[in-house]
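Please read these notes with the model open beside you.

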Amino acid sequence: MATVAPTSLSVLASPACVAAQENRLLGGLAEENLARIVAVSEFARFEGDVHLAGCGDKLTRVYFPVSGYASLVVTDATKSQMQIGLVGSEGVFGWESFTGLDQLLFDVYVPETLRALSVDVGVFRSVLADNEHWMMMHLEYLSRLFSVAARGVLCARFHTLEARLARFLLEVDDRHPGKPILLTQSTLSRLLGVRRSGVTNAATHLQLLGLINYRRGQIVIGNRHELETAACDCYRYRIAHRSRRPST
Ligand SMILES: [Zn+2]
């Protein structure tokens, strides 16, 4: 198992340490453990529609987003895909490692941009093993991610595409509030697991209602309140069930 470097005050006060705390899970670490992780880790930045890792890939790094988001995607043998969850600064991906697995269970995409602290799996496990509170935070996060994924099955079966698209855009907006959403119809259709023509129709109607402005792969939310009304109740479910556990 990997060992971690000793803490130093310079590391504790470093901009990297401050930035790392933008991630909710890292913010739940005692300062000494946070400094130890940051000292032997690095920030990674990804831009564009990046396929970051594939299902079955060997786990060597765990990523804690501090801004932007990643999509966890399932893919079948015919390359049909659908997103099962977004991971932003509230969470982590590569979480399979704390269950003892050494392979990823999902494809991981960065549809827009992502900045994340990239941590060696051995270092992550070492700190986690000595910190029950942090372990419980991860287990709670994993439980909530599972509930969102399960809810997604119901959503794909029973909720209209327009309501699903509205919900998806709100979830993205929550992870970079107020910024334009830079997603092509092709990416949206892949993440929602539907035909591109369906995305076109749904986006066009939301635009006619004045809820979004969609032009050349750039979506601006025009009326967030009304978009929340148009979204399926999976959005309200996620908000109602997000963590209220104190991070420290
Ligand atoms: Zn839904």
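The numbered points below take these parts in turn.

1. Basis. This is a predicted model, in which local features need pLDDT of at least 70 and side-chain atom pairs count only at pLDDT 80 or more, while totals for chains, interfaces and linings use all residues. Residues are numbered from 1 along each chain as its sequence is written.

2. The sheet. Three strands form an open sheet in the order E1-E7-E3, with antiparallel pairing. Strands here are DSSP runs (E, at least two residues) and helices are DSSP runs too (H or I, at least four), numbered from the N terminus. Two strands pair if DSSP finds at least two bridges between them. The edges are E1 (42-47) and E3 (61-68), each pairing on one side only. On average, neighbouring strands of this sheet are turned by 30° against each other, direction ignored; the axes are lines fitted to C-alpha atoms, and angles run from 0 to 180 degrees between N-to-C directions, with helix axes fitted over the stretch in contact. E1 and E7 (residues 113-120) run antiparallel and are joined by six bridges. Phe 46 stands opposite Leu 114 in E7.

3. Helix H7. This helix has 15 residues and spans 21 Å from its first C-alpha to its last, close to the 21 Å expected at 1.5 Å a residue. The expected span is 1.5 Å times one less than the number of residues. Its buried residues include Glu 162, Leu 165, Phe 168 and Leu 169. A residue is buried if 20 or more other C-beta atoms lie within 10 Å of its own, exposed if 12 or fewer, and partly exposed in between, with C-beta atoms placed from the backbone.

4. Helix H8. In H8 (residues 185-192), Leu 188, Arg 190, Leu 191 and Leu 192 are buried. Their cover includes strands E4 (70-75) and E5 (81-87) and helices H7 (161-175) and H9 (196-208). Gly 193 follows H8 and has a positive phi, near 70°.

5. Ala 230. Why does Ala 230 count as buried? Ala 230 does so because 22 C-beta neighbours lie inside 10 Å. This residue is in helix H10 (residues 224-230). Neighbours within four places in sequence aside, Ala 230 is in contact (C-beta atoms, placed from the backbone, within 7 Å) with Glu 162, Ala 163, Ala 166, Leu 206 and Leu 211. Ala 230 and Leu 211 are 19 residues apart in sequence, and their C-alpha atoms are 8.8 Å apart.

Technical notes:
Contact = placed C-beta atoms within 7 Å.
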